[in-house]
Amino acid sequence: MDHSRDGGDQVSIAARSSLFDSLKGCGLSGIPIDKQELNTKVMMPQYLRLALRDSIRLKDPTAGASASVPPQNIVPPQPEAPLVVFINPRSGGRHGQKLKQRLQQLISEEQVFDLLEVKPHEFVQYGLRCLEILADQGDICAKQTRQRMRVMVAGGDGTVGWVLGSLAELYKQDRKPVLPVGIIPLGTGNDLSRSFGWGGSFPFAWQSAVKRSLHRATTGQVGSLDSWHVLLSVPAGEKVEPPHSLKLTEESDLNEAVRKLDEKGDLPTKLASYEGVFYNYFSIGMDAQVAYGFHHLRNKRPYLAQGPLTNKLIYSSYSCTQGWFFTSCSNDPNLRGLKNIVRIHIKKINCSEWEKIPIPSSVRSIVTLNLHNYASGRNPWGKPKPQYLEKRGFVEAHADDGLLEIFGLKQGWHTSFVMVDIISAKHIAQAAAIRIEIRGGKRKKAYLQMDGEPWKQPINKDFSTYVEIKRVPFQSLMINGD
């Protein structure tokens, strides 16, 4: 057992936290919220709502701004905490459409955006820009609405990440303040939601729970969340099917820093690069292989995806068929662990030098984790004691500390004990930047995943595949739901 755990007390605390989280998710906490009071607090004046709607529909921020006419000789009421909600109606099982209608009743139709119809970047580019134009023209109500606005996302972690990525454009364009985000959890894992106090599941008492969630969004304190830029570099011409979160960039020459880290020296002159951002984790190995197989099974047989509970049951069963629990003794030992195909270099915080770190031979998955929550609320890094942290040169982990926790998972039995908080994962390092080199031998492919999106990565013995991870220079703003 890993001595970084606090023993039985740690397990009981985790169990109590899990129960409390479940009760919160079921809508059994809090006091009744008055519907009219909530509506007054979050609803924008009608002329601003229509301006927002028209700007997005016409894809022109000036169109909504020019058509916007505030009431004559009347100062429009300025909402205390104007809210907009993005909802993925395909999430949450059969409740998606009903939840959308409920949100429209509580706020207004124009402030609830169906992600099948309005994309987050369209809201930022057209809708929000319309409010900024009106504010620049002297509209005090538009200015206050823009400055006070908050966002709720009804969906899973992937949907939340999509919205956060679009809002990040406000940083790049120096359009402040950047909008903080709260969450109504509709996904399977909901680790972002758990990390910021919004619960881990869609509540069965959802009609009253939604009102409380919207109310908490207007009053909750705002915290920070690191995000991490990923650059995947492969030999040009290699066939890759990356996830939606990784976008192809131009072919480029291999940078000098990577050349210095390569130990064999036989490098391609041209690389194809893919880049994206993750908020929770990046992993390589058996956990990604299981996720990849599960996603393909679900796409092939969509009738199996009936909700989060069904997904988790199928996922658990599927993992038993992938060799994580039982590996045939006839298999080549070189094909089991990651040590023979992966090399990792890291930069520690406030350090400019790259350091190669050893990979334990028993590790079959390597995970770089940003949040406290992984795989539906588990905390595989654990809560190490101060003495242990000092001995290993670690610091206490936080979602905004500029560090990723790197840990390993062994075979399925080890992972199972980690997931029920009996032991912690194999601690490898904490890092402010990471470079991963993957080179095949007898293996022809590796499995990777990023925030729940897995893919199969071709590898070969002649040239390496590189993954570079570094922190995005600005942080996302998250509303705390506690």
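For residues 22-28, how many contacts beyond four places in sequence does the model have, and under what value does pLDDT stay there?

Mentor: This is a predicted model, and over residues 22-28 pLDDT stays under 50, with 19 contacts beyond four places in sequence. The stretch at residues 1-20 is also under 50 in pLDDT, and there the model has 26 such contacts. Where pLDDT is low, the predicted coordinates should not be read in detail. Helix H1, residues 8-25, has the lowest mean pLDDT among the elements of the protein chain, at 41. For the protein chain the average pLDDT is 82, and 77% of the residues reach at least 70.

Elsewhere there is an open sheet of six strands, in the order S15-S14-S13-S10-S17-S18, and its pairing is antiparallel. Strand S15 (426-431) and strand S18 (453-458) form the edges, each pairing on one side only. From one strand to the next, the twist averages 20°. Within this order, S10 (residues 281-285) and S13 (residues 365-369) run antiparallel and are joined by five bridges. One of the residues involved is tyrosine 281, whose bridge partner in S13 is leucine 369.

As for the cysteines, a search of the whole structure finds zero disulfides. Cysteine 130 counts as buried because its relative accessibility is 0%. Cysteine 141, at 3% relative accessibility, therefore counts as buried too.

Note on methods
Residues are numbered from 1 along each chain as its sequence is written. This is a predicted model: local features need pLDDT of at least 70, side-chain atom pairs count only at pLDDT 80 or more; totals for chains, interfaces and linings use all residues. Side-chain values use heavy atoms; hydrogens and water are left out. Two strands pair if DSSP finds at least two bridges between them. Helices (H or I, at least four residues) and strands (E, at least two) are DSSP runs, numbered from the N terminus. Axes are lines fitted to C-alpha atoms, for helices over the stretch in contact, and angles run from 0 to 180 degrees between N-to-C directions. pLDDT is the predictor's confidence in each residue, from 0 to 100. Contact means heavy atoms within 4.5 Å. A disulfide is a pair of cysteine sulfur atoms within 2.5 Å. Buried means under 20% relative accessible area, exposed over 50%, partly exposed in between (1.4 Å probe, protein chains only).
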